[in-house]
Amino acid sequence: MSLVDLHCHSTASDGTLAPAEVVRRAAANGARVLALTDHDHVAGLDEARAAAREEGVQLVGGVEISVTWRGQTVHVLGLGIDPAHEGLCRGLESVRGGRARRAELMAGELEKRGIRGSLEGAYAHAENPELIGRTHFARFLVEDGHAKDIKAVFRKYLAKGRPGYVKHEWATLVEAVEWIRASGGKAALAHPGRYPFGRVVREELMLEFRGLGGSAIEVVSASHTADQAQEFARAAARFGLAASAGSDFHGPGESWMDVGRVPALPEGCVPVWRELGFDA
Ligand code: AMP
Ligand code: MN
Ligand code: MN
Ligand code: MN
């Protein structure tokens, strides 16, 4: 186990716990360094920072930016960002701007499959309506009896190619890295093992990301097998990138890995938190 978790979500995006609850849970699980990385929003960071001070946890300001790269959605973590930075805030606002319209289109597609009321149902699960997203639809669809759990509902309705999926243009890779760096943060490519790319294209993504000023690859993630963690640790070393590690926790019972319970990085990795000046 490591004492660091640099990827998790709160009710500021699609998590089920408030920012302070996420921090307290991470602390109870033994975390010393924690980044709250809500999707396209930094609204949870003030509350998280106050709770972290009380718990003796070092909080890393974070965000997970939605990006479209070669027609696929890719996520980029901003770590050590300044949540008050104007350029970053304006950028995040522009990325989230399309979510409401996309939600309407998703509800329309689901309606064609005979599922009524999903727009209101999804918003009822979204504490931050600006961040309305697929996870909120998933929670409604489970509650409404269309699948047994969140994973099943994504497979059946919400993953790319399924009936409730709506194509969307997020930020560009250039923009995401630029906003993160302008606000004083380091960019880490989130869960590379989750994208529908073969090894060649995935490594092209890593190289392009590095060329734009990206700093790290998320090596250890709930989305990765132990073999993938080894593969991405080698890729990071080969490309001169640091390594990150995170649970991608969204809430109790919905996540593969609990917040603050992240396996250690493979041998030889350069931890990105050290480059950010955090110690664990
Ligand atoms: P969105 O940004 O609205 O497209 O939603 C993306 C979020 O959906 C991710 O951050 C995950 O929380 C969730 N998600 C995506 N794919 C899956 C999946 N196969 N199983 C569970 N959750 C998923
Ligand atoms: Mn999510
Ligand atoms: Mn992600
Ligand atoms: Mn995430």
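View 1. Ligand 1 is surrounded by Asp14, His39, Arg99, Arg102, Gly133, Arg134, Thr135, Ile150, Phe154, Arg194, His250 and Trp256 (a residue is near if one of its heavy atoms lies within 4 Å). At least two residues of the shell come from each of the helices α4 (99–112), α6 (134–143) and α7 (150–158). Helices (H or I, at least four residues) and strands (E, at least two) are DSSP runs, numbered from the N terminus.

**View 2. Polar side-chain atoms beside ligand 1.** Oxygen atoms of ligand 1 lie 3.0 Å from a polar side-chain atom of Arg99, 3.2 Å from one of Thr135 and 2.9 Å from one of His250. The cut-off for a polar contact is a pair of N or O atoms within 3.5 Å; within protein, one must be able to donate a hydrogen and the other to accept it, and residues adjacent in sequence count only if both atoms are side-chain atoms. Ligand 1 taken alone exposes 500 Å², of which the protein buries 83% (Shrake-Rupley method with a 1.4 Å probe; for residues, only the protein chains shown count as cover).

**View 3. The manganese ion (ligand 2).** Asp14 (OD), His39 (NE2) and His250 (NE2) coordinate this ion at 2.2 Å. Donors are N, O and S atoms within 2.8 Å of the metal (3.2 Å for Na, K and Ca); water is not among the atoms, so sites may look incomplete. Along the chain, the donors of the manganese ion (ligand 2) follow the spacing D-x24-H-x210-H. Because His39 lies in the loop between β2 (33–36) and α2 (45–55) and His250 in the loop between β7 (242–246) and α11 (272–275), the pair ties together parts that are 211 residues apart in sequence.

**View 4. The manganese ion (ligand 4).** His7 (NE2), His9 (NE2), Glu64 (OE) and Asp248 (OD) coordinate this ion at 2.1 to 2.2 Å. The manganese ion (ligand 4) is 4.7 Å from the manganese ion (ligand 2).

**View 5. The manganese ion (ligand 3).** The donors are Glu64 (OE), His75 (ND1) and His191 (NE2), at 2.1 to 2.2 Å. Glu64 lies in strand β3 (residues 58–69) and His75 in strand β4 (residues 72–79), so the pair ties together parts that are 11 residues apart in sequence.

**Notes.** Residues are numbered from 1 along each chain as its sequence is written, with chains lettered from A and ligands numbered from 1 in the order in which they are written. In this predicted model, local features need pLDDT of at least 70, side-chain atom pairs count only at pLDDT 80 or more, and totals for chains, interfaces and linings use all residues; side-chain values use heavy atoms, with hydrogens and water left out.
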